[in-house]
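Take a walk through this structure, one element at a time. Keep the sequence beside you and find each piece as it comes up.

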Amino acid sequence: MNRTRVDVDAMSAERIGLTWLRAAVTPLGAFGRRHDESIAPYGPGDEDRARAEIAEVVALAERMDADGVLRVRAALRAVPEPTPIVARARAGDALTDVDFYELGRFVDALDALARAWDAAEHDDAVATRRPPVLEGLRAVLAPGRDGATFYLADAFAPGLSAAREALSAAEAEYEARRETIAARVRDAIGIDPVGDEFVVLRDVYDGPLPDDVLVVRETPTYRAASIRIVAPARDAALTALAEEEEAARRALAERVVREADAVIAATRALGALDRLLARVAFKQRWDGCVPSFASDRIAFADATFAPLAEALAAHGRRYTPLSLDLHGVAVLTGPNMGGKSAALSTVGFLSACVALGVPPPAREASLPLVETIMWIGGEGPEDRTRLLSSYAAEVVRARDTLAAASPCALVLVDEFARTTGPREGRALLVAFVEALRARGAFALVATHFDGVAEAASAPHLRIAGLRGALPRAIAPGDFEAALDAINAAMDYRVVEARDANAASDALAIARLLGLDDALVERARSLHDLE
Amino acid sequence: MQRSSTSTSAPEALYELATAAARSVVVVGTAKNAGKTTTFNALRAVAHRRGTPVAVTSIGRDGEPADALDAEPKPRVRLSAGTLVALPSGLIPRSPALVILGSGAQSALGITVFARAVLPTVCEIAGPPTARSMRATIDTLRALGDGPVLIDGAIDRIAALAGGDDAVIVATGAASGATVARVAAVAADTVARLTIPGRDPSREHARVVHVAGALDARDAEELLAGPRDITVVVADPTRIAVRGALFAKLRAGVDLRCERPLNVIACTTSPVGRDATLSPRDLVEAVARATGLPTFDVVADLAA
């Protein structure tokens with residue numbers, strides 16, 4: 001199936017970590033970024049290509065050392081851009097010596113890249129990915145290169161040497177004639193004309209000026225004069241050399257054109273390598289697997305929602321990997337702070353990973369390629385600019401989601417209708433789940449409403465929740481200790497729910513987070529009466 | 001006085017003074033056509049005569065055949081064999097070819113290219129667009145060769161050199177005034193601003209006022225209206241935007257200093273202007289008196 005893109009709006013991209021993921025796997029060099037932009041995300045029908053890319057990423061990540069990958073990527077970033085020069089040469093434009101210098105830099109950068117590749121520890125199985133070197137272009141430029149420099153050397157054209165010798169002789173003759181005139185000025189006037197122009201004060205000397213000295217300005221107190229030398233031999237030598245040099249550049253440009261295909265192929269190879277190594281670095285950082293593609297389920301084991309894991313690590317906290325098995329539409333309930341939203345994000349994140357050819361960070365994963373990923377819950381920036389209330393924004397997104405929902409869509413619903421009355425909100429959510437099921441979409445629907453899954457005849461999953469009672473006493477304001485306590489007590493596993501109750505452990509968590517004890521006890525007594 | 005052939009010429013004396021003061025020398029003008037490029041070319045010519053390879057670049061665009069604004073003819077910059085140059089790729093002369101040594105910052109005229117002349121050539125030169133890249137360009141030229149680095153400068157763009165060890169020569173002339181006295185006064189005002197001393201905690205007042213950005217006329221009036229026992233600090237001399245009598249009052253009234261001073265070593269004079277032609281001797285002597293700096297007319301071979 002030919003596709004051009006996977007639809008993910010800005011809010012959904014943010015919530016499922018797609019924005020973070022794109023940044024994490026952006027190639028470092030210009031070729032890689034260009035290559036990356038030319039490749040559409042994988043969608044339904046692209047399973048073989050997606051699997052092949054991810055499998056290559058995983059294989060390389062296991063066969064190359066991480067430091068070596070970093071060094072190769074740094075070398076990729078330093079490769080200069082030869083494409084515009086080659087394009088101008090192909091179009092017949094004259095190239096400059098700076099262009100030839102830049103092409104030389106490109107050749108050198110490829111060499112450095114190949115050395116970095118060779119220095120990285122890897123086995124022979126990845127040798128086919130070795131960056132190209134351009135021996136042909138190197139040979140073309142070699143006569144003008146001394147280290148990293150470039151000069152339009154005599155060897156580039158048979159007439160260059162003679163033309164330069166002629167100009168050099170003419171310049172020497174010119175300098176000698178100029179010095180002869182300057183000596184006459186010194187002798188006659190007593191001043192030393194360092195440059196071609198000089199001033200003679202009339203009270204110092206008011207007599208005739210030497211031959212070949214022209215007066216360019218006269219005033220009552222001085223004459224401004226200039227040494228003028230007519231040097232047709234030098235002018236002719238300059239013209240002859242200019243013609244020889246232009247001819248040499250044209251010939252050199254024609255030889256560059258003959259190497260153009262190799263240069264373009266090299267830039268494409270570099271682009272592909274840069275994209276590949278960005279993904280390899282991701283895999284080495286976050287681990288990941290080669291997924292199997294299934295059209296009827298989204299299932300993964302020990303998956304990591306990397307953006308959250310990174311944020312937790314920055315605070316010295318550990319992420320708990322997540323496992324889930326989703327067939328069609330399921331309702332997810334569980335305690336506050338139990339990871340319902342993280343579970344939704346993880347489903348979206350892993351789907352985004354495979355769409356971008358990135359190994360999903362999980363021990364194993366089986367999932368489809370989708371055309372659309374949509375998040376409903378809360379407001380996005382665009383909703384605020386439309387002056388919609390939270391509820392109205394959700395309803396508008398639900399309307400648009402249903403219009404696009406299909407078996408190729410993934411819908412992630414985070415507490416839809418929580419900001420309206422609970423009876424009507426629950427009813428609306430049940431009807432929405434039924435509508436999603438009717439359209440055959442994949443959906444995970446997190447909610448605190450009771451009985452939604454049963455009412456909509458959908459599978460009911462829940463976060464396992466608190467293993468036991470939370471400690472009652474945490475020092476007031478010690479938020480970190482409260483989080484530690486919740487983390488220690490919470491079982492983040494997603495399990496099949498055995499009853500319709502959507503218990504949220506809200507009161508225990510509120511107490512732990514420092515809400516007044518008496519207030520919480522009053523709430524508990526009210527709750528128990530119901 | 002105009003020198004005899006047996007004594008050191010004014011260009012030679014200026015070259016010796018400048019290269020003894022610093023490895024890199026920038027020439028700035030008090031006005032357009034004040035003789036800046038003429039001074040620059042005189043220094044370059046002395047180096048060529050001595051067989052000393054130099055490096056050259058520009059702050060701003062220089063060496064073009066005619067002034068971009070008034071179409072007046074301007075001195076070209078001649079590169080002797082062996083001269084190092086930093087200039088935008090768009091200004092590299094096509095012939096005779098240069099050795100391309102490296103590349104640097106991007107400017108409107110292309111990337112900055114470092115090159116060496118193999119045969120003599122004449123060209124326009126221009127420099128990189130930002131203070132940071134100008135500093136990097138000068139440092140690269142220093143690293144590429146052993147000789148002096150000569151910079152055709154612009155007085156409003158030398159902040160990059162503040163705090164460095166570069167020497168500054170101020171070119172002035174009839175382009176900035178119709179009389180000798182006026183030219184001398186402008187030169188004195190310019191030199192006074194550019195030679196604001198660096199900070200010296202042992203000599204500062206207890207109260208130090210830091211002026212962020214430019215110190216303009218309103219700032220100056222406010223400072224003069226307040227207590228005088230203060231030290232006023234600007235980032236570098238180019239941040240002082242007040243001129244003439246108000247600047248003189250400010251300098252006399254408060255302890256004016258800068259974080260990054262400039263090293264101004266000499267003046268040069270040019271007696272020829274569009275509206276006036278002045279006495280070369282009177283001009284060089286008046287400017288020397290007004291600025292207190294060694295002053296040279298490199299074309300009339302005068303020094304004072």
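Predicted model: local features only at pLDDT ≥ 70, side-chain atom pairs only at ≥ 80, totals over all residues.

**The sheets, the helices and the contact**

β4(A) and β5(A) run antiparallel and are joined by five bridges. Pick out A:L214: its bridge partner in β5(A) is A:S226. A helix covers these strands.

Now move along chain A to another sheet. It is open and has six strands, in the order β11-β12-β13-β9-β14-β15, with mixed pairing. Two strands stand at its edges, β11 (372-376) and β15 (490-496) of chain A. Each has a single partner strand, so one side of each is left without a neighbour in the sheet. How far are neighbouring strands of this sheet turned against each other on average? The value is 15°, direction ignored.

β14 of chain A, residues 460-466, pairs with β15(A) in the antiparallel sense over five bridges. Within that pair, A:R462 has A:V495 of β15(A) as its bridge partner. β9(A) and β14(A), by contrast, run parallel, joined by three bridges. There, A:L332 stands opposite A:L461 in β14(A).

Return to β14(A) and β15(A), the antiparallel pair. Helix α13 of chain A, residues 340-355, packs on the sheet and touches both of these strands, along with β9 (329-333), β11, β12 (409-414) and β13 (442-446) of chain A. The direction of α13(A) makes about 160° with that of β12(A). Helix α15 of chain A, residues 390-404, also packs on the sheet. α15(A) touches β11 and β12 of chain A, and its direction makes about 155° with that of β11(A).

α5 of chain A, residues 66-77, packs against α7(A) at an angle of about 175°, and their axes are 8 Å apart. Angles over 145 degrees count as roughly antiparallel, and α5(A) and α7(A) are therefore roughly antiparallel to each other. Which residues make the contact? From α5(A) come A:G68, A:R71, A:V72, A:A75 and A:L76. From α7(A) come A:A112, A:L113, A:A116, A:W117 and A:A119. By class, the residues of this contact divide into eight nonpolar, one polar and one charged.

Another helix to trace is α11 of chain A, residues 260-286. It has 27 residues. From its first C-alpha to its last it reaches 39 Å, close to the 39 Å expected at 1.5 Å a residue. A:D287 follows α11(A), and the phi of A:D287 is positive, near 60°.

Next comes the contact between the chains. How many residues does it take from each chain? It takes 31 residues from chain A and 33 residues from chain B. On the side of chain A that touches chain B, several elements each supply at least two residues: α7 (97-119), β2 (149-150), α9 (160-189), β3 (197-201), β5 (222-227) and α10 (232-258) of chain A. The largest share of that side, five residues, comes from α9(A). By class, the side of chain A that touches chain B has 16 nonpolar, seven polar and eight charged residues.

Finish in chain B, with two backbone details. The peptide bond from B:S95 to B:P96 is cis, with omega near -10°. Where does B:P96 lie? It lies in the loop between β5 (84-88) and β6 (98-107) of chain B. The other detail is B:N33, which has a positive phi of about 60° although it is not a glycine. B:N33 is found in the loop between β1 (24-29) and α2 (36-50) of chain B.

Last, the confidence scores. Chain B has a mean pLDDT of 87, and 92% of its residues reach 70 or more. The model scores ipTM 0.85 and pTM 0.79.

Note on methods. Residues numbered from 1 in each chain as written. Chains lettered and ligands numbered in written order. Pairing = 2+ DSSP bridges. Helix = DSSP H or I, 4+ residues; strand = E, 2+ residues; numbered from the N terminus. Axes fitted to C-alpha atoms, helices over the stretch in contact; angles between N-to-C directions. Contact = placed C-beta atoms within 7 Å. Expected span 1.5 Å × (residues − 1). Nonpolar A, V, L, I, M, F, W, Y, C, P; charged D, E, K, R; others polar. Parallel < 35°, antiparallel > 145°, perpendicular 65-115°, else oblique. pLDDT = per-residue confidence, 0-100.
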